[in-house]
Amino acid sequence: MGEREYDASSYAPPAEVEEMELPHPKGFFGKYVWSQDAKVIAVQYGLTATAIGLVALVLSLLMRLQLGFPNSLSLIDPGSYLQYVTMHGMIMVVYLLTAIFLGGFGNYLIPLMCGARDMVFPYLNMLSYWIYLASVLILVAGFFVAGGSTGAGWTLYPPQAISPGTPGVDTGIVLMLVSLAVFIVGFTMGGLNYVVTVLQARTRGMTLMRLPLTVWGIFMATVMALLAFPALFVAVLMMLMDRLIGTSFFMPEMLSMGESSDHRGGSPLLFQHLFWFFGHPEVYIVALPAFGIVSDLIATHARKNIFGYRMMVWAIIIIGALSFVVWAHHMYVSGMSPYFGFLFATTTLIIAVPTAIKVYNWVLTLWRGNIRLTLPMLFAIGFLFTFVNGGLSGLFLGNVTVDVPLSDTYFVVGHFHMVMAVAPILVIFGAIYHWYPKITGRMLDETLGKVHFWITFLGTYVIYYPMHFMGLEGVPRRYYAYGETTFISDSVQSLNAVITVAAFIVALAQLLFLFNLAWSYFRGREAGSNPWQATTLEWQTPHTPPRHGNFGKALPIVYRWPYDYSVPGVKQDFIPQNVPPEAVERESDTRRGGER
Amino acid sequence: MTDRMPRRLTLEPGWRGMVGDLASDQRAFKKVPWSKVMMWAFLVSDVFIFACFLVGYMMARIASSAPWPNASEVFALDVAGRQVPLLLIAIMTFILISSSGTMALAVKCGYERRRFATGGLLIATALLGTIFVGMQAFEWTKLIHEGVRPWSNPWGAEQFGAAFFLITGFHGTHVSVGVLFLVVMAIKVLRGSLQAGRPGFLTGRRGRYEMVETLGLYWHFVDLVWVFIFAFFYLW
Ligand code: HEM
Ligand SMILES: [Cu+2]
């Protein structure tokens, strides 16, 4: 087939995307509060998510306190334990991870990495943040209303979630549902922006196959979120009606205290289907950005091109698509036809293939790389270990027969914390260490960071590794206390105590991290514009931190993919994406840069 | 990957060419304005919302043990002593579909820069939309008078009322929001803001006639969804 190339004189195709007009507000409020600059919005998202994440962290400590040293704090009773479980889970998954990956890193990195001045619709983007903030506030209000927040578990399964006896059934559950609906509205505004910016607002020369994998991961996650959140939205509306108006979408007729309830004929299974049609993709919504970011961290800090770029992109796309057809693996014990179980087990295990490809490619990228054990690299390697561990226990849970006895035990808690809690969190840390210099212009402190890394990484193993064994013994999840249970051995209590101590130490290490963030902002070493010698566009901005509009007068032109590290025959070990071929300094003129 | 420009897969036929096109630099969809791509993305997301609604409705209906009310009796209109099934809904559907026609004309006139024709057609569309919502309100009132509530009805499974009010209500909200935007757009058109490229009040984006088309996409989508709701509630 005829392959045509542009002739050498016109490396860059002509500009197709018109320059955008940016509002340039004056004054503190216009610049930092009601800002339409994606970078400011990103930081707002990041700070809000971190703040609410800290609340979730404190909740987890309260739970751990109860589990490790039962009844040491009179504040915690069975009801409030359930409330902590619920709020902890929901905050961590939706309000922290989703918000920080898409709203935080998405906003900061997409325009910079694509070579755009800003998101395509800055005003909508700003609204997105404020609506997100509103949803967080509504959620937090749940702590203060009579009856407290809901204790239904983060899955909010009806009928329990809206039946008398569950904590927070009066107001807490309503606030939770409203908050989720508001979150979805706000997210949609941002999400549409991210998608359209990636699709339609790239700079000259930036093809989709020259996008850094970070952008690919965030892009695909956003697409998935736009398709998955609708299911949650519908479930939320229906449950609100069940709770407030007395409809029976999800509520069957029930006997309670000898009286039959007002509801009849609803289907709790319908909720589970809707919830998990959202819930499973949600796992990948937080995983794919992590995959993307970690690819870039590894390539940059190992000074090597990413192994199998195309494969990585397609793996992201395939994982995204497949994750919409596996949801019922969360419902193996809810009662369904064994044929369905078989079908969903099969699709679940198929997802392991593209995922495994990605892991191999990361390892192969590291293989014989010029690995610099910088903080981002440490966290990236930590992610690899944690993710593989969590993925392996996922293989157990994906099989119906193995899952049935493990369902609702601590094995599950151990599994999902490894794979979707700790692994993405490690990437977030790595990413913050990596991009903080761009965001603030200063480096984070290395020593503090190393302490933070080792305590977090090893600590999480002490926390979650034993949970798998507890799960094998049948220790149930979401239990405040185990009482006189013969199948649970005494050693579980000592294990729990150890886990709790580790959890507190890990939590303290996070304070170190926060201190580092604050201290380095004022005292950190000046970073310069490209401290990691990275190739992607965000490091090539004329100013650090980048100003509104990102790239000064002229947008950069892209001549190459983002992974030109250690190209043979080239003087420097990296070639930024915007360096034209004639500007590449070569060792001798006879050899041209690595041909691909 | 080096100093070469991307290979122009664009020129190749078939699947590779298509992927090449989509992946080529700057824009995946050539010559398509941002707002249009964004509207399409939003609509796809919205499709999932309505799909979840309708699938939920189907599941509730299949799972229900109580008998399901008979649509041709419930939605019949009393005309001169005779029960005419589907009469009201046929008129409603006709009106909404007609409004798609006026909308399409508005888009066309917009591109021809005919200010008053565009504005007039937008207002006509908004009027038809308002009539639709009005008739929907009439239907709701009628059903409520007959004793249909979200939590019960005289004829059988209570999920009937719940699903009906929720889903048609959600659709009606879409129509109402659309009417609101139509009115705003009509004002912009008639004032000449689109012609002059005047920045919007809130967003500061310059007006352009493509906005009419983007709004049109939304409006057609709302009509299309109605066809599905119509089929599932009134014909099943
Ligand atoms: C130091 C960090 C963390 C600790 C000590 C911790 C601890 C816990 C504990 C004790 C539970 C309750 C287990 C039970 O009784 O069933 C729990 C549940 C949960 N955690 Fe974490 N967690 C941490 C971080 C995270 C993160 C980062 C996420 C983000 C995905 C997360 C997501 C969840 C979810 C989804 C649940 C299930 C809630 C439910 O059962 O409804 N956790 N965690
Ligand atoms: Cu899943």
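**Backbone exceptions in chain A**

Good morning. I shall begin with A:P545, which sits in the segment after α14 (491-523) of chain A. Helices here are DSSP runs of H or I with at least four residues, numbered from the N terminus. The bond between A:T544 and A:P545 is a cis peptide bond, with omega at about -10°.

A few words on the basis of these values. This is a predicted model, in which local features need pLDDT of at least 70, and residues are numbered from 1 along each chain as its sequence is written. Chains are lettered from A in the order in which they are written, and side-chain values use heavy atoms, with hydrogens and water left out.

Next, the loop between α4 (122-141) and α5 (172-200) of chain A, which holds A:P159. The peptide bond from A:P158 to A:P159 is cis, its omega being near 0°. A:L156 also belongs to the loop between α4 and α5. A:L156 is not a glycine, and yet its phi is positive, about 55°. Is A:L156 buried or exposed? At 1% relative accessibility, A:L156 counts as buried; buried means under 20% relative accessible area, exposed over 50%, with a 1.4 Å probe and protein chains only.

Finally, I turn to A:R368, in the loop between α9 (338-366) and α10 (375-398) of chain A. A:R368 likewise has a positive phi, of about 60°, although it is not a glycine. Its relative accessibility is 76%, so A:R368 counts as exposed, whereas A:L156 is buried. Thank you.

Methods:
Predicted model: local features only at pLDDT ≥ 70, side-chain atom pairs only at ≥ 80, totals over all residues. Helix = DSSP H or I, 4+ residues; strand = E, 2+ residues; numbered from the N terminus.
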